[in-house]
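Reader: I have a model on my screen and want to learn how to read it. Please take me through it one feature at a time.

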Amino acid sequence: MDNTSSSSEKSDECIFCLIVEGRRDAAVVYEDDAMMVFMDKYPISNGHTLVIPKRHHTTILDMESKDVCMLFALAHRVAKAVVDALNAQGFSIAQNNGKVAHQVVPHVHVHIVPRYIDEDRGRWPSRRTATMEELRSVAERIREHLLKDRADTMDVELITD
Ligand SMILES: [Zn+2]
């Protein structure tokens with residue numbers, strides 16, 4: 001990593017910045033001015049979704065706390081939509097900061113991983129590569145549930161005020 005660049009500066013190397021700019025394909029569930037939600041290309045389980053701030057930050061410590069609140073408020077909304085859309089029996093939320101914490105893409109992201117009883121092997125199932133067609137179809141189902149849930153949208157707006 002280039003030590004001279006700020007941790008909040010966008011980078012041409014950053015795959016999530018490229019997705020935000022529409023220069024790299026992703027199965028997008030939702031986006032607004034500040035946030036974006038899309039499917040993980042290498043899902044741990046069916047419906048593995050990522051929530052990111054559009055602005056490049058390496059870790060959540062580089063973000064304002066109110067922006068972290070917004071990020072997690074949206075993650076909460078998305079988790080509900082993922083569970084409802086896919087009839088998951090539970091879900092895990094992971095947010096890794098730094099290489100030692102297994103953060104692969106150095107742009108803040110929250111993983112929402114739905115969990116299913118029939119897939120549970122007591123730990124993380126292994127990742128696989130999904131097709132874009134498959135991801136887009138799951139993204140569409142999650143989006144329908146997300147947009148249905150207007151009450152939770154209000155929560156996010158209250159926090160941003
Ligand atoms: Zn980035």
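Reader: What is the mean pLDDT of the protein chain?

Author: pLDDT is the predictor's confidence in each residue, from 0 to 100. The mean here is 88, and 83% of the residues reach 70 or more. Residues 1-5 fall below 50, and beyond near neighbours in sequence this stretch has 2 contacts in the model. Contact means heavy atoms within 4.5 Å. Where pLDDT is low, the predicted coordinates should not be read in detail.

Reader: How many helices and strands are there in the protein chain?

Author: Both are DSSP runs, numbered from the N terminus: helices are H or I with at least four residues, strands are E with at least two. The protein chain has 4 helices and 5 strands. Along the sequence they follow the pattern α-β-β-β-α-β-β-α-α. Take the contacts with a separation of 6 or more: 66% of them link residues 24 or more positions apart.

Reader: What percentage of the residues is buried?

Author: Buried means under 20% relative accessible area, exposed over 50%, and partly exposed in between (1.4 Å probe, protein chains only). Of the 161 residues in the protein chain, 44% are buried.

Reader: Now the metal. Which residues are the protein donors of the zinc ion?

Author: Donors are N, O and S atoms within 2.8 Å of the metal (3.2 Å for Na, K and Ca); water is not among the atoms, so sites may look incomplete. Here the protein donors are Cys 14 (SG), Cys 17 (SG), His 56 (ND1) and His 107 (ND1), at 2.0 to 2.3 Å from the zinc ion. Their spacing in sequence is C-x2-C-x38-H-x50-H.

Reader: Why is the arrangement around the zinc ion tetrahedral?

Author: Look at the angles. Four donors count as tetrahedral if all angles lie between 85 and 135 degrees. Ideal angles are 109.5 degrees for four tetrahedral donors. The 4 donor atoms here subtend angles of 105 to 116°, so the arrangement is tetrahedral.

Reader: Next, rings. Which residues form an aromatic pair?

Author: A pair of aromatic rings is described by the distance of the centres and the angle of the planes. Rings of Phe, Tyr and Trp (its six-membered ring) pair if their centres lie within 6.5 Å; planes under 30 degrees apart count as stacked, over 60 as edge-to-face and the rest as tilted. The count is 1 aromatic pair. Phe 16 and Phe 38 form an edge-to-face pair, 5.3 Å centre to centre with 75° between the planes. Phe 16 is in helix α1 (residues 15-20) and Phe 38 in strand β2 (residues 35-39), so the pair ties together parts 22 residues apart in sequence. Phe 16 is buried at 6% relative accessible area, and Phe 38 is buried at 2%.

Reader: Which residues have a positive phi?

Author: Most residues other than glycine have a negative phi. Asn 87 has phi near 50°, and His 102 has phi near 65°. Asn 87 lies in the loop between α2 (65-86) and β4 (90-94). His 102 lies in the loop between β4 and β5 (110-115). Asn 87 is exposed at 58% relative accessibility; His 102 is exposed at 64%.

Reader: Last one. What does Leu 135 touch?

Author: Leu 135 is in helix α3 (residues 132-148) and is buried at 6% relative accessibility. Not counting residues up to four places away in sequence, Leu 135 touches Ala 27, Met 39, Asp 40, Lys 41 and Ala 130.

Notes
Residues numbered from 1 in each chain as written. Predicted model: local features only at pLDDT ≥ 70, side-chain atom pairs only at ≥ 80, totals over all residues. Heavy atoms only, no water. Tetrahedral: all angles 85-135°; square planar, octahedral: opposite > 155°, others 65-115°.
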